[in-house]
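Here is a friendly walk through one protein model. Please keep the sequence and the structure open as you read.

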Amino acid sequence: MKKRTLGFWEIWNMSFGFLGIQMGFALQNANASRILQIFGADVHELSWFWLVAPLMGLIVQPIIGHYSDNTWTRFGRRKPFFLLGAVLASVGMIFIPQADFMIAILPALWVGAGMLMIMDASFNIAMEPFRALVADNLSDEQTTKGFSIQTALIGIGAVIGSWLPWVLTNWFGMAQTSPDGSVPANLLWSFVIGAGVLIGSILVTIFTTKEYSPEELQQFEDAKAHHKITADDGIVHKAKLSDIFEDFKKMPETMRQLSWVQFFSWFALFGMWVFAVPAIAQHIYGLPSTDSSSETYQEAGNWVGILFGVYNGISAIFAFLLPAIAKKLSRKKTHAYSLFIGGIGLLSIYFMPNEDWLILSMVFIGIAWASILAMPYAMLAGSITPKKMGVYMGIFNFFIVVPQIINGIIGGPLVKYAYNNEAIYAIMVSGVSFIIAGILAFKINDKKDLTLKHD
């Protein structure tokens, strides 16, 4: 028995919660460094604070994947997890720009870092079950389409989140600076609005999407494969948390090959997210590394939000083209070429004469981002058994968070001691890392490639 073929809007609604998740991520990626600098962090310290994000992913995602694989409640299999994650993430989003309200108890910088930790842990609780839900509900023939639509929604949410501070200032007149040195109103309200959208979009998915029951899943493969899932509420005791380590050792060949591609891809992305604001403020706007509060610095920060919106918008458009391109070229070649283009985009930032030209760089980066969000997961979903979909999606996150942790540890000292506080060189290293990832993508053995005429 095969899974039902879903229509476009069914897949759209199933992934709609990712719009809110990525809006929150975009607000964090474009503004967390700026907020932490407002609270007193130096440029070379930023990557250390950002270590919170990958550490939370390393801990949370495999555990959530394991339990969502082996949990069945009257509310569903994946839904309870991403609803809980959305609620907790919203709390972090509301409080991170207002961390100075607790200054009498702790330094605002540490409160801000704590809210960043809550946000990241919660985003991870919500995100991994969403990836697994797409793989649960779609047949092999529809997985690339499903992850591409998910990528489009991620792009739309990221555009809204990235542009929101600029829109609130330029369309609604909110202040982009604060006379007392606190987080300006446009950033504060952007995070509050983002929290509301996150909850609302998650609820759309919950109320419009049906999950397959354990009995239905059992019809799609042999009963032994699903012996860990029953119709009883709660966690089935046959499934042990220690199984994660055994699953890690037995990961399929395609997953091992993808791991190296993911390593260099996410090493590059982490460097871009952490150092984009100071790099562009220094290299394009000509500001010193010590400036984190001037009007020009805030303009640079707002422009980085616009640029991040551009690359996410391009990814949303390009995502719709990915299934056709992958069918023509193969999934691994599509991913490799996209990573090459992204590497060129990052390297080009160094040579752009002014901030407007950076839009072209972001177009190239957006192509790579679209592929990163879709192609690896489509190839992975075709190589693993459905009974392990959640835990392997979680384990796959290791190869996203470990490179970010490494970059987080060494990135700051490199900027301070090797690059003389010129953050633009961290962006250059990210460009080279994308190109290395593209080379490694050619070595992936994608056994269920879309050259099969099923899409």
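## Overall make-up

This is a predicted model. The protein has 455 residues, and 61% of them are buried. Its secondary structure consists of 17 helices and two strands.

If we take contacts between residues at least 6 apart in sequence, 83% of them join residues at least 24 apart.

## Nonpolar cores

The largest nonpolar core has 115 residues, and Ile 21 and Trp 273 have the most contacts inside it. At least three residues of this core come from each of domain 1 (1-213) and domain 2 (241-454). Once its neighbours within four places in sequence are set aside, Ile 21 is in contact with Phe 123, Ala 126, Met 127, Phe 130, Leu 198 and Ile 202. Another core, of seven residues, lies apart from the largest one and includes Val 52, Met 56, Ile 64 and Ala 121.

## A buried serine

Ser 190 belongs to helix 8 (residues 185-208). Its relative accessible area is 0%, so Ser 190 counts as buried, the cut-off being under 20%. Not counting residues up to four places away in sequence, Ser 190 touches Leu 27, Leu 164, Pro 165 and Leu 168.

With 36% relative accessibility, Ile 410 is partly exposed.

## Salt bridges

Side chains of opposite charge can pair when their charged atoms come close. In this model the count of salt bridges is three. One of them joins Arg 4 to Glu 10, with the closest N and O atoms 2.9 Å apart. Arg 4 is partly exposed at 48% relative accessible area, and Glu 10 is partly exposed at 36%.

Asp 136 forms a salt bridge with Arg 77, where the closest N and O atoms are 3.7 Å apart. This pair links distant parts of the chain, 59 residues apart: Asp 136 is in helix 6 (residues 108-137), and Arg 77 is in the loop between strand 1 (71-72) and helix 5 (79-95). Asp 136 also meets Arg 78 in a salt bridge, at 2.7 Å from N to O. Arg 78 lies in the loop between strand 1 and helix 5, 58 residues from Asp 136. Both Asp 136 and Arg 77 are buried, and Arg 78 is buried too. Together, Arg 77, Arg 78 and Asp 136 are linked in a network of salt bridges.

Conventions:
Residues numbered from 1 in each chain as written. Predicted model: local features only at pLDDT ≥ 70, side-chain atom pairs only at ≥ 80, totals over all residues. Heavy atoms only, no water. Core = buried A, V, L, I, M, F, W, Y, C linked by side-chain atoms within 4.5 Å. Buried < 20%, exposed > 50% of the residue type's maximum accessible area, 1.4 Å probe, protein only. Domains from an automatic or database assignment. Contact = heavy atoms within 4.5 Å. Helix = DSSP H or I, 4+ residues; strand = E, 2+ residues; numbered from the N terminus. Salt bridge = Lys/Arg side-chain N within 4 Å of Asp/Glu carboxyl O.
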